Amino acid sequence: MTQLRDAHNRQIDYLRMSVTDRCDFRCVYCMAEDMTFLPRQQVLGLEELERIARIFVGLGVKKIRLTGGEPLVRQGIVGLCERIAALPGLRELVMTTNGSQLVRLAAPLARAGVKRLNISLDSLDAEKFHAITRTGQLQQVLDGIDAARAAGFERIKLNAVVMKGRNAEEVADLVDFAIAGGLDLSFIEEMPLGDVGRSRGESFCSSDEVKALIAERHALVDSAEQSGGPARYVRLPEHPQTRIGFISPHSHNFCATCNRVRLTVEGRLLLCLGHEHSIDLRALLRRHPTSDQPVIDAIHAALQRKPLRHEFSSGGEVQVLRFMNASGG
């Protein structure tokens with residue numbers, strides 16, 4: 001089997017696949033309030049998504065994360081999870097979700113073979129939560145988190161995008177919530193993807209600032225643990241069941257160890273979140289319905305153009321035109 005390596009000799013063993021650009025929330029850091037979504041014919045079908053997953057696992061990918069938009073609004077998602085999870089050689093299938101559909105779908109997802117969940121939770125205040133998500137109801141997500149805990153996933157992690165003026169003052173409370181539930185928690189620096197109708201620079205909160213806010217309430221110990229993604233972790237000595245992660249595309253970029261590529265729902269293979277470099281796998285899939293080799297050849301060739309790093313800055317300007325929901329968030 002030919003392992004996937006880029007021109008910088010980084011092994012690529014992690015694929016993030018967007019299964020839809022649609023979402024039932026309109027989070028202020030992810031998309032504009034009035035969004036236009038892709039027409040159905042431009043979106044990869046479930047069989048095409050499964051085929052791409054099979055090709056990448058055959059090339060040595062060990063971890064697949066299903067994302068969106070919100071993956072749980074895609075019809076047929078549980079069956080797709082079951083088929084991907086069964087691929088020989090895949091170590092784990094994981095998912096990122098906003099939690100809105102988990103009361104209904106947490107148990108079926110666990111039975112289908114999804115090993116871990118990342119659930120977005122940016123505020124514990126119902127009004128602030130609604131303001132950040134524009135449409136979301138906090139209690140619906142909290143109930144979804146409870147359903148996920150009951151469903152028996154190997155691990156559940158909460159994700160919070162920290163923004164000054166919106167939720168930065170809740171950092172320590174979010175940590176306490178994670179501790180109480182025996183959950184992991186990652187804090188994410190906002191990324192400059194898409195024109196969301198406001199300046200991002202004024203709300204930017206660095207991982208170092210977040211860590212200082214946590215340290216006011218909890219002792220922190222650096223950890224060398226890895227979850228197969230970009231987060232850097234610390235431990236809380238008094239609460240060993242909870243890991244706190246920091247995803248820092250601005251202040252402490254994770255490019256040197258990048259092991260992943262992203263597939264958008266229209267079939268573009270993004271080589272780097274911070275660049276527009278991509279190849280159109282949808283066209284290749286549809287041009288070669290019975291042969292995977294042209295797709296495999298294109299993937300190998302594309303990885304030789306994978307950039308060494310992104311160039312995000314915290315100044316607030318839009319640096320990539322596509323929205324996060326179109327990137328596989």
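These questions and answers walk through a few residues of a predicted model. Because the model is predicted, local features need pLDDT of at least 70 and side-chain atom pairs pLDDT 80 or more, while totals for chains, interfaces and linings use all residues. Residues are numbered from 1 along each chain as its sequence is written, and side-chain values use heavy atoms, leaving out hydrogens and water.

User: Which residues does UniProt list for "binding site"?
Analyst: The entry is unreviewed. Such annotations may be inferred rather than shown by experiment. The record lists R16, R65, T96, K157, R260, V261 and R262.

User: Where does R16 lie, and is R16 buried or exposed?
Analyst: R16 lies in strand β1, residues 14–18. Strands are DSSP runs of E with at least two residues; helices are runs of H or I with at least four. Buried means under 20% relative accessible area, exposed over 50%, and partly exposed in between (1.4 Å probe, protein chains only).

User: Which side chain does the side chain of R16 join in a polar contact?
Analyst: A polar contact pairs N or O atoms within 3.5 Å, one able to donate a hydrogen and the other to accept it; sequence neighbours count only through side-chain atoms. Here the contact spans 3.2 Å. The partner of R16 is Y14.

User: How many aromatic pairs does a search of the whole structure find?
Analyst: Rings of Phe, Tyr and Trp (its six-membered ring) pair if their centres lie within 6.5 Å. The search covers the whole structure. The count is 2.

User: How are the rings of F25 and F129 arranged?
Analyst: Their centres are 6.0 Å apart, and their planes meet at 85°. Planes under 30 degrees apart count as stacked, over 60 as edge-to-face, and the rest as tilted. So this pair is edge-to-face.

User: How many residues apart in sequence are the parts that F25 and F129 tie together?
Analyst: F25 is buried at 4% relative accessibility, and F129 is buried at 2%. F25 lies in the loop between β1 and α1 (46–58). F129 lies in helix α4, residues 126–133. The pair therefore ties together parts whose separation in residues is 104.

User: What distance separates the C-alpha atoms of E70 and G99?
Analyst: E70 sits in the loop between β2 (63–67) and α2 (77–85). At 1% relative accessibility, E70 is buried. E70 and G99 are 29 residues apart along the chain. Their C-alpha atoms are separated by 8.9 Å.
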